[in-house]
Amino acid sequence: MKKLENKKILLIICGGIAAYKSLELIRLFKKMGASVKTVVTKNAKKFVTNLSIASLSQDKVYSDLFNHENEAEMDHISLSRWADLILIAPITANTISKLSHGLADDLASTLVLASNKQVFLAPAMNVRMWEHDSNKKNVNKLVSYGYRLIGPEIGDMACGEYGEGKMTEPQDIINNILNYFENLRKNKKLKALVTAGPTQEKIDPVRFISNKSSGKQGYEIANSLKNNGIETTLISGPTNLKPISGINLINVNTAEEMLNKCLDCLPVDIAIFTAAVADYKVKNIYEQKIKKRENLNLDLEQNVDILKHISNHNSLRPKLVIGFAAETNNLKKNSIEKLSEKNCDWIISNDVSNPEIGFNSESNKVSIFYKNKIEENLPKMSKSAIANEIVNKIISDFN
Ligand code: PMT
């Protein structure tokens, strides 16, 4: 069987000298059985002709946002919904910048903004342009949105210079895409459970014990698992985040509810405990609102440890149990202790004394403690980029 039989590829071609290689890409995709639709930007038309693209793809070439007299068809929506995957090859610094800023001024940028599919980028540009800080920032932003980079490669460039910026060869781009579909197929058999957000432990009808967790890190991990084809359940304490489509979201308030919902989810292959579970709860919750008084002593008792409970489950322990550690001091020592005390396979630690990372921030910086090694101080990244890093590691652990 042809390896890309029944796969629908939407190829966007931007205006750069490497655009000629996109013709070879179309030829290879078709040879492997894929259906290919193409979108060309205004500048791409200066490098490749519609006639050669249409002849190879055996389909029309899309280029204008308003193609039809009657706009009911809306190409930017229908094309992105049709595709199994969107590949932009070559992508120029200009289009990278447009996408990272959410611009939507032509068919290519509008459909990517409107898309709900995996987007692959194969950049091609001069080495200085590639290395420029502004381009790097834009690329990192796109990676943090979950777009995947293929290349660029190091080599001699059409402009006569040498360095990183050459578009990856068509056959290698195809190999990356084959790997992606193969991983999706394998991952479809995997099930994951993620906990996120704070828990709220009631004091009286209007007050509770909780913490500053926004749930963002856990939601990003769940999203990345889902994007990689893994069936994911997200058990979340109260947050302001929107449900993510394609993820089974279960809302809870207390640690005890979170534990019960986790148990209901078993068996799973992967469990990731990102939630900031309140360590204590009030022994006897007040039935009426507590009246103001001089001193108030609350009688607290320890909450159930969800992670420890699941990681010690005698029959249904997930194959991979990952805990988080929120530390303000002695991060390394405490993380190593938590790894063994909670019987996890990995502990992912963050320094929550730094307000720029950890609780309720956009970015995070983590170290990963495995049973036999430590990956210390991964760079500070957006929470979605951290999530992608973690999920890539999980997938390679399973394959
Ligand atoms: O939600 P965000 O604003 O995005 O912030 C992310 C985060 C800082 C909350 C996250 O990165 C994080 O560090 N989560 C773990 C928070 C925490 O409670 O850490 P801990 O060191 O107290 O607990 C260690 C592990 O045991 C955690 O996996 C925790 O989920 C789990 N635990 C703790 C107590 C308990 N009763 N049950 C548990 O399962």
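The model is predicted: local features require pLDDT of at least 70, side-chain atom pairs count only at pLDDT 80 or more, and totals for chains, interfaces and linings use all residues. Residues are numbered from 1 along each chain as its sequence is written, and side-chain values use heavy atoms, with hydrogens and water left out.

**Exercise 1. Describe the protein as a whole.**

Solution. Begin with the secondary structure, which comes to 13 helices and 22 strands. Helices (H or I, at least four residues) and strands (E, at least two) are DSSP runs, numbered from the N terminus. Next, consider the extent: the C-alpha trace spans about 80 × 50 × 45 Å along its principal axes. Finally, of the 399 residues, 50% are buried, a term that stands for under 20% relative accessible area (1.4 Å probe, protein chains only).

**Exercise 2. Determine which residues surround the ligand and which elements supply them.**

Solution. Step one is the count: 27 residues surround the ligand, where a residue is near a molecule if one of its heavy atoms lies within 4 Å of it. The closest are Ser-213, Ser-214, Ala-275, Lys-338 and Asn-350. Step two sorts the shell into 11 nonpolar, 10 polar and six charged residues. Here Ala, Val, Leu, Ile, Met, Phe, Trp, Tyr, Cys and Pro count as nonpolar, Asp, Glu, Lys and Arg as charged, and the others, Gly among them, as polar. Step three concerns the elements: strand 17 gives four residues, the largest share of the shell.

**Exercise 3. Identify polar contacts of the ligand and state how much of its area the protein buries.**

Solution. A polar contact is a pair of N or O atoms within 3.5 Å; within protein, one must be able to donate a hydrogen and the other to accept it, and residues adjacent in sequence count only if both atoms are side-chain atoms. The side chain of Ser-213 places an N or O atom 2.6 Å from a ligand oxygen. Backbone N or O atoms also take part: that of Phe-273 lies 2.6 Å from an oxygen atom of the ligand, and that of Lys-216 lies 3.3 Å from one. Taken alone, the ligand exposes 770 Å², of which the protein buries 96%; the areas come from the Shrake-Rupley method with a 1.4 Å probe, and for residues only the protein chains shown count as cover.
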